[in-house]
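Student: I'm new to this one and would like to learn how to read it. Can we go through it together, feature by feature?

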Amino acid sequence: MMRGLIGSAAMALCLSSVPLLAQDNAKGGAPDSDKAAPVRAEPIVSVTRHSGTFGGQRVAYTATASDTFLKDDKGTPRARIFSVSYIKDTPEANRPVTFLFNGGPGSGSLWLHMGAFGPKRVAIPNDGRDDGAPPYRIVDNADSLLDTTDIVFIDPVGTAFSTAMGDTDPKEFWGVTKDAKSIAEFIRIWLSQNNRWNAPKYLGGESYGTTRTAAVVNELEGTYNDVAFNGLLLISTILDFGAQAEVPGNEMPYVLMVPSMAVTALYHGKTTPAAAGGGAAELAAEAKLFATNEYLPALMKGTALVDEERAAIRSKLARYTGLSEQYLESADLRVTPGRYYKELLRDRGLVVGRLDARYTGKDFDNAGETPDNDPSFYGIDASYTAAFNAYVRQDLKFNPERQYVTIGGVREWDWDLPGRGGDNRYYKNVAPYIGRALRENSGLRVLVAQGWYDFATPFFGAEYSLTRTGIPTDRIEYTSYDAGHMMYVNETDLTKLSRDIRSFISRR
């Protein structure tokens with residue numbers, strides 16, 4: 001996720017376990033808190049064996065929760081990457097392996113792990129209600145992908161249990177390219193250790209994890225010693241940051257947000273369905289046409305947009321957004337997402353969520369311009385954090401002294417992109433990395449999964465970024481879901497997402 005996500009049900013029986021190979025005395029706290037601690041000779045590794053039913057198939061599998069050391073040229077560990085690998089015990093020939101991570105940057109992979117694709121998941125309300133207080137139910141996840149692919153959940157440096165080591169400055173790993181290089185190094189190590197170089201490979205992430213996916217592909221497929229992928233899984237996609245930058249003079253963010261505002265207004269009863277009838281999909285299609293063919297040209301006119309033409313645009317914009325014409329006029333026909341969260345349901349004393357606009361919350365008062373907080377984040381974070389810590393320490397037997405960093409573990413991120421001139425310092429767009437990979441790997445396909453009610457990475461923004469020059473579109477598939485950024489918090493959409501990805505992988 002971009003900012004983050006996350007009982008007493010029966011857990012999978014641990015049939016056997018292997019003791020930790022080494023103990024770690026690093027202190028808990030900030031992700032770089034053990035910067036000056038002695039470098040340990042061996043990583044912590046815990047191996048446990050389990051079984052479960054996934055996609056209707058009974059699967060026996062081995063879980064390996066472990067640190068992988070990234071070393072310098074002298075063999076001295078610079079960082080440790082925490083990961084959890086799930087490997088089928090009796091795999092068929094050419095069984096795929098899928099590498100997954102979340103986003104942030106600075107988020108651990110617990111959201112996809114405990115929410116979508118791991119063998120266990122945390123069960124929270126489906127309908128946008130707060131997750132409440134513990135205990136939270138941890139249940140078998142029939143929608144895990146383990147019937148179709150082995151899975152490796154990866155936590156970049158500064159997230160989860162992953163840290164810089166010794167005298168290494170963690171900032172050496174904090175940047176679009178720096179982070180991608182470290183994940184690419186981890187993947188090469190994992191492929192060698194597990195003898196999977198010739199296996200079908202899939203790579204995916206959520207939110208900034210889609211940015212990371214593009215950057216990692218550029219590191220692995222853009223070199224002579226390359227690692228080719230069969231597919232990329234982009235869940236809640238953000239690739240072109242320039243197009244969505246809320247800065248004066250940039251009209252694109254307003255255009256790309258209109259379809260998201262339209263379906264949100266429909267969900268909360270603030271507008272009517274599309275003229276053709278139906279629900280979110282039909283209204284989104286209509287709103288995209290308005291945004292592209294009418295709203296964008298109108299904004300391009302700037303102060304020259306006057307009189308009847310301005311009134312016509314304002315009237316249609318009010319219909320799609322659910323906001324009053326008076327408010328839209330006061331905002332000069334340009335409503336930022338932050339203002340929208342506060343204004344849409346102001347008459348009800350509620351704000352809507354950023355990650356998932358189905359969620360609503362109450363602020364300190366109703367007079368502010370933007371919300372106090374995001375109800376779609378504080379509505380789920382406690383459950384995921386508690387559930388993953390319980391699961392990894394009890395079931396997977398990985399229990400270091402250092403604390404698990406759920407989100408926010410990095411700072412001063414280096415957004416600069418190399419190559420293509422100095423303007424990359426100002427316009428951040430990794431979509432061309434995917435375009436190059438598609439052009440140079442004829443077997444590569446891309447699946448783009450988007451929630452209707454996601455304002456962090458709006459669905460129209462994903463479509464815009466992947467339909468630019470130089471990006472082949474014939475191997476890009478789009479799927480939509482009736483939830484937000486973490487569409488899998490809705491169990492119906494979790495099943496649909498799992499089925500869509502399972503089908504995507506099986507059609508290789």
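Student: Which residues does Phe117 touch, not counting residues up to four places away in sequence?

Tutor: Contact here means heavy atoms within 4.5 Å. By that rule, Phe117 touches Leu100, Leu112, Asn141, Ser144, Leu145, Ile151, Phe153, Ile235, Leu497 and Ile501. Keep in mind that this is a predicted model, where local features need pLDDT of at least 70, side-chain atom pairs count only at pLDDT 80 or more, and totals for chains, interfaces and linings use all residues. Residues are numbered from 1 along each chain as its sequence is written, and side-chain values use heavy atoms, with hydrogens and water left out.

Student: How many residues does the largest nonpolar core have?

Tutor: First, the general idea: in soluble globular proteins, nonpolar side chains tend to be buried together. A nonpolar core is a set of buried Ala, Val, Leu, Ile, Met, Phe, Trp, Tyr and Cys residues joined through side-chain atoms within 4.5 Å. Buried means under 20% relative accessible area, exposed over 50%, and partly exposed in between (1.4 Å probe, protein chains only). The largest core here has 55 residues, and Phe117 is one of those with the most contacts inside it, along with Phe82, Tyr86, Tyr384, Tyr488 and Ile501.

Student: Which elements give two or more residues to this core?

Tutor: Helices (H or I, at least four residues) and strands (E, at least two) are DSSP runs, numbered from the N terminus. Among the contributors are strand S3 (57-71), strand S4 (77-88), helix H1 (110-117) and helix H10 (381-394). H1 gives the most, with 6 residues.

Student: How do H1 and H10 cross?

Tutor: Axes are lines fitted to C-alpha atoms, for helices over the stretch in contact, and angles run from 0 to 180 degrees between N-to-C directions. The two axes come within 10 Å and cross at roughly 90°. Angles under 35 degrees count as roughly parallel, over 145 as roughly antiparallel, 65 to 115 as roughly perpendicular and the rest as oblique. H1 and H10 are therefore roughly perpendicular. Residues making the contact include Trp111 and Met114 of H1, and Tyr384 and Phe388 of H10.

Student: Is Asn218 buried or exposed?

Tutor: Asn218 lies in helix H3 (residues 208-221) and counts as buried, at 18% relative accessibility. Leaving aside neighbours within four places in sequence, Asn218 is in contact with Tyr433 and Arg436.

Student: And where is Asp365?

Tutor: Asp365 sits in the loop between strand S13 (360-361) and helix H9 (375-378). Asp365 is partly exposed, with a relative accessible area of 42%.
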